[in-house]
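Dear colleague,

Please find the structure below, with its sequence. A summary of the findings follows.

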Amino acid sequence: MQIYIDSADLGKIRRADRMGVVSGITTNPVILAREEGNAAEIIRRLTENFPDYPVFAQVTGTEAQKMVEEALLYMDVSSSVIVKIPACEQGLAAVRILKDMQKTGKRSVQICATTVLSAAQAVLCAAAGADYVAPYVGDIDETGYSGMNTLKDIVQALAGTGTKVLAAAANRAQDIVEAARAGADILTVSPEGIFHVFEKTYPLTEQYLKLFAEAGQTKQTERGIDAPRFRHTGYIVKDIQKASEAFSSCFPMMDPWKFCTTRMSSEEVLDGRACHLIIGVSRIGGHAVELIQAMADCPDCYHMEAREGINHIAFVYPDDVFDQVKETLLSHGYAVAFAAHQKKSGEKCYYFRHESQPILIELNNMEPEDPEFDSLGEALEHD
């Protein structure tokens, strides 16, 4: 399906054109009234600035002969102009006159029957020789009927006739999807309708852009592996090699483990400030994963070790990727052994087991107020 921009504003059209999504320009008298100059001058500007695009211009007369005269004036502007004529009795009479001119070789005529509000109108316009029919999808909804259902009927009815269906007056981003699914050849969209598709989702998109930029910076400098950001959570292991193998099989996209050379002393671990030793750092996506070894006599770690001696690794993800990580675990053969959700706080916790891996994995979501630190020292001070 092609997208035609419903505008005569050169600046907005250029902006959309730079995105590479526009294949044509549609106008009507209301759109032209917003710009400087008479209608023919505006249409000429559009054809000169966008010579590769078809440009639709609409007649304003109410009598067939007046419509024909306006149509001929627009066609004199450029061969890329397609004339829009309303779907009414006088409009079809004008289409007949113009098409007769084409048959006799006097004119090359491209006509779009506009203001179509029913499938029956579309069928008659196509029978009269219209090259395009433009159902006003949004306006049909206003009459109490379904614009998208009418569009589907028109597409089916005109299949094989050579008349193209140009869906017009769609107002929502979802209308773009529905028009494409209905089989429309073309959809006209206002500049705002095009831009809003990306603007409405930008707050979330911006998070991804930031994540990718940070990941790119990390890749260039290896910062974040050498100096990971720490969060309050535990990764308890007894066998480093088995833990590394388990994570590599579960997350093939994970960076290789980089084992730290600096460890906390036993005194630091047991003096009440911390109970784990950081022994290795890796990364899944943009998030650092610290591999931590629990002290044998650390009471805070005892409850986290399975009775069968299964190693326990816990990690935290923000909500925007939490479910993605969960699905990744499930797709790699892990099964949920236990789940605990706090409805009031929104905290989620899953425990995963794998029949062939000696690792118990704890997956938590990240609360927005959870602090992050650039060093383990800062994290300890916060404790």
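**Salt bridges and nonpolar cores**

Arg96 is exposed, at a relative accessible area of 53% (exposed means over 50%, buried under 20% and partly exposed in between, with a 1.4 Å probe and protein chains only). The model is predicted: local features need pLDDT of at least 70 and side-chain atom pairs pLDDT 80 or more, while totals for chains, interfaces and linings use all residues. Residues are numbered from 1 along each chain as its sequence is written, and side-chain values use heavy atoms, leaving out hydrogens and water.

Arg96 forms a salt bridge with Asp100 (3.4 Å, N to O); the term denotes a side-chain nitrogen of Lys or Arg within 4 Å of a carboxyl oxygen of Asp or Glu. Both residues lie in helix 5, four residues apart; helices are DSSP runs of H or I with at least four residues, strands are E runs of at least two, and both are numbered from the N terminus. Asp100 is partly exposed, at 31%.

By this rule there are five salt bridges. Another one joins Asp76 and Arg107 at 2.9 Å, N to O. This pair links distant parts of the chain, with Asp76 in helix 4 and Arg107 in the loop between helix 5 and strand 5.

The largest nonpolar core has 57 residues; such a core is a set of buried Ala, Val, Leu, Ile, Met, Phe, Trp, Tyr and Cys residues joined through side-chain atoms within 4.5 Å. Helix 4 gives the most to this core, with eight residues. A second, separate core has ten residues, including Phe56 and Tyr132.

Yours sincerely
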